[in-house]
Amino acid sequence: MVAGPQSLKTIREMQKKYRPDVVWAPITDESENKISLVQDRKSGERTTIYICSGGTCQLPVHTIREAEKLLTG
Amino acid sequence: MTPLHSNQLIHESSPYLIQHARNPVEWHPWKEEVLDMARKEDKLMLVSIGYSACHWCHVMAHESFEDPEVAGFMNEHFVCIKVDREERPDVDHFFMTAVQLMGVQGGWPLNVVTLPDGQPFWGGTYFPKDQWLEVLIKITQLFRQERDKLTHHAHRLTLGIQQSSVITSEKDEIPDATSIINDALDAWSPQWDMNRGGSRGKPKFPMPVNLSFLLHLHYHHPRQAFEDFLQITLSHMSRGGIYDQIGGGFARYSVDEQWKVPHFEKMLYDNAQLIELYSHAYPVFRNEKYPDMR
């Protein structure tokens with residue numbers, strides 16, 4: 001899940017790699033209250049990437065490179 | 001028949017049904033009162049299922065359903081019902097299951113004959129006019145002379161359809177995913193055409209679900225053979241006549257084994273899945289033609 005004003009742009013960048021097991025979701029002002037996993041994750045000014053699996057999320061990161069590491073790690 | 005003759009389909013909204021509204025066959029839409037009519041008149045029902053983009057549905061309509069002799073026989077002995085499978089996928093699914101249980105190759109047009117109470121006992125797809133008439137004559141003879149046998153056969157088929165819609169697991173344990181994947185590969189990979197892609201022989205279907213599965217498997221367990229087969233298939237399909245090189249989009253299948261001669265209709269469900277497949281394959285194989293496949 002990606003929060004911040006650049007969330008869609010970041011998702012598009014991440015989607016340039018084939019990752020069949022990943023579903024990307026942008027966190028917007030509207031989605032904040034609707035998806036239970038993102039209930040306390042606000043869409044701030046900074047791009048914030050949450051890599052979640054099995055109902056839990058790892059500590060957020062702020063760059064694509066860090067997110068890639070979490071995904072391949 | 002006057003030139004302005006129309007049957008009950010004239011009141012329908014489906015383009016496929018309206019295409020048959022001027023047939024001399026007295027088609028009825030799939031409705032409760034029509035099913036009641038067959039029961040009351042003790043007539044066999046002929047259920048003919050298709051969709052508007054289906055090539056052989058139109059060939060059969062033109063050869064048989066627009067023919068006064070065939071129509072006369074159908075009207076005399078059957079309550080004839082036309083179904084648009086895009087409007088009634090449930091009805092289509094029921095009769096397709098029936099036909100498959102009869103051991104007959106399914107497809108469209110799907111023509112099924114049922115007893116007056118709606119239980120199917122015979123089915124098939126496209127027939128040229130003479131064969132179609134011959135089949136109908138035989139069925140009506142059987143119905144007159146050996147109705148008990150037909151009823152017994154229809155009853156057994158109906159039981160089979162009911163059972164096939166109940167999903168049961170023979171074992172309690174969850175099957176092992178690796179063995180399911182290996183079994184699927186063992187069954188499928190011997191058919192791979194490593195020269196032209198797709199399955200060996202003709203006709204050649206794009207089968208996007210199979211290819212997406214293989215791409216996904218290759219992501220987790222890369223193998224040279226998977227990569228080769230995917231690349232050969234995707235690039236041959238993109239260069240072949242199955243892909244509309246001018247207007248875009250893929251035809252349902254190619255009639256030959258070189259992806260060369262397309263079979264007419266372009267299905268939305270194939271094209272949607274093929275766009276996804278080529279989009280996913282592009283970052284993996286970096287073939288510059290893939291982004292244009294739409």
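In which loop of chain B does B:Asp42 lie? In this predicted model, B:Asp42 is found in the loop between helix H2 (32-41) and strand S1 (44-50) of chain B. With that residue selected, look at its backbone, where phi is positive at about 50° although B:Asp42 is not a glycine.

Next, stay in chain B and select B:Trp108 together with B:Pro109, whose connecting peptide bond is cis, with omega near 5°. B:Pro109 sits in the loop between helix H5 (89-101) and strand S3 (110-114) of chain B. Then move to B:Lys202 and B:Pro203, where the peptide bond is again cis, with omega near -5°; the place of B:Pro203 is in the loop between helix H8 (177-188) and helix H9 (208-220) of chain B.

Now display the cavity. The structure holds one cavity of 30 Å³ or more, and the volume of the largest cavity is about 30 Å³. To see what surrounds the largest cavity, select its lining residues, namely B:Trp188, B:Gly198, B:Ser199, B:Phe205, B:Pro206, B:Met207, B:Leu211, B:Thr233 and B:Trp259.

The next stop is a pair of helices in chain B. Select helix H4 (residues 68-77) and helix H6 (residues 129-145) of chain B, which pack at an angle of about 20° with their axes 11 Å apart. Because angles under 35 degrees count as roughly parallel, H4(B) is described as roughly parallel to H6(B), and their crossing is left-handed. On the H4(B) side, show B:Glu69, B:Val70, B:Phe73, B:Met74 and B:His77, and on the H6(B) side B:Lys129, B:Trp132, B:Leu133, B:Leu136, B:Ile137, B:Thr140 and B:Arg144, as these residues make the contact. The residues of this contact divide into seven nonpolar, two polar and three charged.

Finally, turn to chain A and select helix H1 (residues 7-14) and helix H2 (residues 64-72), which pack at an angle of about 50°, with their axes 11 Å apart. H1(A) and H2(A) are therefore oblique to each other, and H1(A) passes H2(A) in a right-handed crossing. The contact brings together A:Thr10, A:Glu13 and A:Met14 of H1(A) with A:Ile64, A:Ala67, A:Glu68 and A:Leu71 of H2(A), and its residues divide into four nonpolar, one polar and two charged.

How values were computed: Residues are numbered from 1 along each chain as its sequence is written. Chains are lettered from A and ligands numbered from 1 in the order in which they are written. This is a predicted model: local features need pLDDT of at least 70, side-chain atom pairs count only at pLDDT 80 or more; totals for chains, interfaces and linings use all residues. Side-chain values use heavy atoms; hydrogens and water are left out. Axes are lines fitted to C-alpha atoms, for helices over the stretch in contact, and angles run from 0 to 180 degrees between N-to-C directions. Helices (H or I, at least four residues) and strands (E, at least two) are DSSP runs, numbered from the N terminus. Angles under 35 degrees count as roughly parallel, over 145 as roughly antiparallel, 65 to 115 as roughly perpendicular and the rest as oblique. A crossing is left-handed if the near helix is turned anticlockwise from the far one by less than a right angle, and right-handed if clockwise. Contact means heavy atoms within 4.5 Å. Ala, Val, Leu, Ile, Met, Phe, Trp, Tyr, Cys and Pro count as nonpolar, Asp, Glu, Lys and Arg as charged, and the others, Gly among them, as polar. On a 1 Å grid over the protein atoms alone, a cavity is a set of points where a 1.4 Å probe fits but cannot get out, and a pocket is an open set with protein on both sides within 12 Å along at least five of seven lines; lining residues have an atom within 4 Å of a point. Grid points are joined across faces, edges and corners, and a volume is the space filled by probe spheres set on the points.
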